[in-house]
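Please read them with the structure open.

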Amino acid sequence: MQLITVASALLSLVLAVSAAPAMEHHNHARGLAQVYSHCTKPKTVALTFDDGPYWFMYDISKTLLANGAKGTFFVNGNNWKCIYEDNGKRIKYLYNKGHQVASHLWSHPNITTLTWDQMHDEMWKVELAMKRIIGVTPALIRPPYGAYNDMFRAAAHIRNQSLALWDFDSGDSMGFTAAQSKAAYKAKIEQNPNTILALNHETKTTTAHEVLPYAIGLLKSKGYQMVTMAECLGLEPYASKGTPETPTVGSSLSASSFSR
């Protein structure tokens, strides 16, 4: 009887161990994604723009390029409009102009309120859209509101992505006027920091048309080089590169076409 009991106990142990991988997503020992909040290359500035794609990005891009600068655009999949609609051509435009396109998750959620599976779904949808539209998957991901936890870092690590934060906030998403954002940039730049990693929002007309030209003028006067976030960190901008999907005649890219 004792042999049966021992055998049963051993069998239970084996089954428990074999079942462990199913819970592996709760174990963050596998690794956590790197979190970047500062540039590392001296005298570089990364001007980053959240919450697009939005129509002000065209003006932002033109201003950047006219001044020998590149930007980094953290895009959502379905915030202002679905990425597979008009926003797809905006992403192509940014990518073809040499800007960096990165992930800001699908629906702009507070990531700390999501389950493991929901986190991956938010990330996967943006990755798939970028791969279909421009043939790349992002190497950087910015959690909305700057909110994240170790579970999200573990999820990002699995997907070969690093978290992108900032060390300067223009205040545009907090309701700053153009004058207030300009003053914030001026105060930051007058401190002569070695680098700046700036948070802006491409959805704000004051940012696109008033603050950005002003900030660029100040940065140029101080000798800063305005580069993508990947460049200011010495990283590759994309986790993978391939060929975008070309719709056949009479067809178009749509979110429903790419559901799992």
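1. The model is predicted. With that naming, P53 sits in the loop between β2 and α2 (57-66). The peptide bond that joins G52 and P53 is cis, with omega at about 5°.

2. On the disulfide: the count is 1. The cysteines concerned are C39 and C232, and their sulfur atoms are 2.2 Å apart. The angle about the S-S bond is -75°, which makes the link of C39 and C232 left-handed. C39 belongs to the loop between β1 (35-36) and β2, whereas C232 belongs to helix α8 (residues 229-233), so the pair ties together parts that are 193 residues apart in sequence. A disulfide is a covalent bond between the sulfur atoms of two cysteines.

3. Are these cysteines buried or exposed? C39 has a relative accessibility of 7% and counts as buried, because the cut-off for that class is under 20%. C232 is buried too, with a relative accessible area of 0%. C82 also counts as buried, at 12% relative accessibility.

4. On the largest pocket: its space comes to about 200 Å³. The lining is made up of 16 residues, and those closest to the centre of the pocket are D51, H108, Y145, S173 and H201. Two or more lining residues come from each of the elements β2 (44-52) and β9 (196-201). By class, the lining residues divide into 6 nonpolar, 6 polar and 4 charged.

5. Strand β9 also holds A198. A198 has a relative accessible area of 0% and is therefore buried. Its C-alpha atom is separated by 7.5 Å from that of V45, although A198 and V45 are 153 residues apart along the chain.

6. On strands β3 and β4: strand β3 (residues 72-75) runs parallel to β4, and 4 bridges join the two. Together with helix α3 (residues 86-96), β3 and β4 make a right-handed β-α-β unit.

7. Which residues of strand β4 (residues 100-103) point which way? Q100 and A102 point to one side, and V101 and S103 point to the other. Residues on both sides of β4 are buried.

8. Two residues other than glycine have a positive phi and can be checked by eye. For L105, phi is near 75°, and the residue lies in the loop between β4 and α4 (116-134). For N160, phi is near 60°, and the residue is found in the loop between α5 (150-158) and β7 (162-164).

9. Are L105 and N160 buried or exposed? L105 counts as buried, since its relative accessibility is 0%. N160 counts as exposed, because its relative accessibility of 58% is over the 50% cut-off for that class.

Methods: Residues numbered from 1 in each chain as written. Predicted model: local features only at pLDDT ≥ 70, side-chain atom pairs only at ≥ 80, totals over all residues. Heavy atoms only, no water. 1 Å grid on protein atoms, 1.4 Å probe; cavity = no way out; pocket = protein on both sides within 12 Å on 5 of 7 lines; lining within 4 Å. Points joined across faces, edges and corners; volume = space filled by probe spheres on them. Nonpolar A, V, L, I, M, F, W, Y, C, P; charged D, E, K, R; others polar. Buried < 20%, exposed > 50% of the residue type's maximum accessible area, 1.4 Å probe, protein only. Pairing = 2+ DSSP bridges. Right-handed = clockwise from strand over helix to strand, strands pointing away. Disulfide = S-S within 2.5 Å.
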